[in-house]
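Please consult the sequence and the structure while reading.

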Amino acid sequence: EADDRVLGFCRVLAAFAERAVDMVAVTHGPLLCLVELMLLCAGAELRLAELTVDFWAGLQDTPVVERHESLRAPLYRRLAQVWLGQCTLPSSFVSWDEEPSVEEEDFSRFREQAALEVLESCLGLLGAEMATMLRTALDSSRGSWQTLEVTLF
């Protein structure tokens, strides 16, 4: 679990990124490291990932053709993978009563609010490629019910 310093850093980073999203979207390189940091936060624990939602939503406001090349499909492929990973139940999951790493209410809220918004953006940009990503995940899941569950989500 992230300590208070990490949480504070991610809060400040997300607030700055959200306010600077218009500049980030059309950057020609210097601000791309900010996007990488936002991806790192998105891949951390759920409360840190939630902090990044407004940035990803704001990035969607800039037409794709005006964005830096790396802020188009390549980024959204990675973003979809990160957020689908966040929405996947742990491999050791049996029941919410036995799951110490996350509360059911927090996980459900995260999926139904934050994740849906970001994954809809990914779907809008990637289109059929997103369906192919899900199919590939299913094919390589080796019978994991968690992968099936997140794909159906």
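## The largest pocket

In this predicted model, the largest pocket holds about 430 Å³ of space. Its lining consists of 17 residues, and those closest to the centre of the pocket are Glu45, Leu46, Ser101, Val102 and Glu103.

Two helices, H4 (46–50) and H7 (104–126), each contribute at least two residues to the lining of the largest pocket. The largest share, four residues, belongs to H7. Sorted by class, the lining of the largest pocket contains seven nonpolar, three polar and seven charged residues.

## The second largest pocket

The second largest pocket holds about 200 Å³ of space. Its lining is made up of Leu84, Leu116, Leu119, Glu120, Leu123, Met130, Ala131, Leu134, Val150, Thr151 and Phe153. By class, nine of these lining residues are nonpolar, one is polar and one is charged.

Which helices each supply at least two residues of this lining? They are H7, H8 (128–139) and H9 (145–152). The largest share of the lining of the second largest pocket, four residues, again comes from H7.

## Helix H7

Helix H7 bends by about 45° at Ala115. The buried residues of this helix are Phe107, Phe110, Arg111, Ala114, Ala115, Val118, Leu119, Ser121, Cys122 and Leu126. They pack against H4, H5 (53–60), H6 (73–86), H8 and H9. After the end of H7 comes Gly127, which has a positive phi, near 60°.

Arg111 belongs to helix H7. Is Arg111 buried or exposed? Arg111 has a relative accessible area of 9%, and because buried means under 20%, Arg111 counts as buried. Leaving out residues up to four places away in sequence, Arg111 touches Cys87, Leu116, Glu149, Val150 and Phe153.

Phe153 is located in the segment after H9. With a relative accessible area of 34%, Phe153 is partly exposed. Phe153 is also one of the residues that line the second largest pocket.

Beyond its neighbours within four places in sequence, Phe153 is in contact with Cys87, Arg111, Leu116 and Leu119. The C-alpha atoms of Phe153 and Asp106 are separated by 16 Å, and these two residues are 47 residues apart along the chain.

## The largest nonpolar core

How many residues does the largest nonpolar core have? This core has 46 residues, and Trp56 and Trp83 are those with the most contacts inside it. At least two residues of this core come from each of the helices H1, H2 (21–25), H3 (32–42), H4, H5, H6, H7 and H8. Helix H7 gives the most to this core, with eight residues.

The contacts of Trp83 can be listed individually. Residues up to four places away in sequence are not counted; the residues that Trp83 then touches are Ala42, Ala49, Thr52, Val53, Trp56, Phe110, Ala114, Ala115, Val118 and Leu119.

Ala15 is part of helix H1 (residues 4–19). Its relative accessible area is 26%, so Ala15 is partly exposed. Ala15 and Thr52 are 37 residues apart along the chain, and their C-alpha atoms are separated by 8.6 Å. Gly58 lies in helix H5 and, at 11% relative accessibility, counts as buried.

Thr27 is placed in the loop between H2 and H3. Why does Thr27 count as buried? Thr27 counts as buried because its relative accessibility is 6%, and the cut-off for buried is under 20%. When residues up to four places away in sequence are not counted, Thr27 touches Leu32 and His68.

Methods:
Residues are numbered from 1 along each chain as its sequence is written. This is a predicted model: local features need pLDDT of at least 70, side-chain atom pairs count only at pLDDT 80 or more; totals for chains, interfaces and linings use all residues. Side-chain values use heavy atoms; hydrogens and water are left out. On a 1 Å grid over the protein atoms alone, a cavity is a set of points where a 1.4 Å probe fits but cannot get out, and a pocket is an open set with protein on both sides within 12 Å along at least five of seven lines; lining residues have an atom within 4 Å of a point. Grid points are joined across faces, edges and corners, and a volume is the space filled by probe spheres set on the points. Ala, Val, Leu, Ile, Met, Phe, Trp, Tyr, Cys and Pro count as nonpolar, Asp, Glu, Lys and Arg as charged, and the others, Gly among them, as polar. Buried means under 20% relative accessible area, exposed over 50%, partly exposed in between (1.4 Å probe, protein chains only). Contact means heavy atoms within 4.5 Å. The bend at a residue is the angle between axes fitted to the seven residues ending there and the seven starting there. A nonpolar core is a set of buried Ala, Val, Leu, Ile, Met, Phe, Trp, Tyr and Cys residues joined through side-chain atoms within 4.5 Å.
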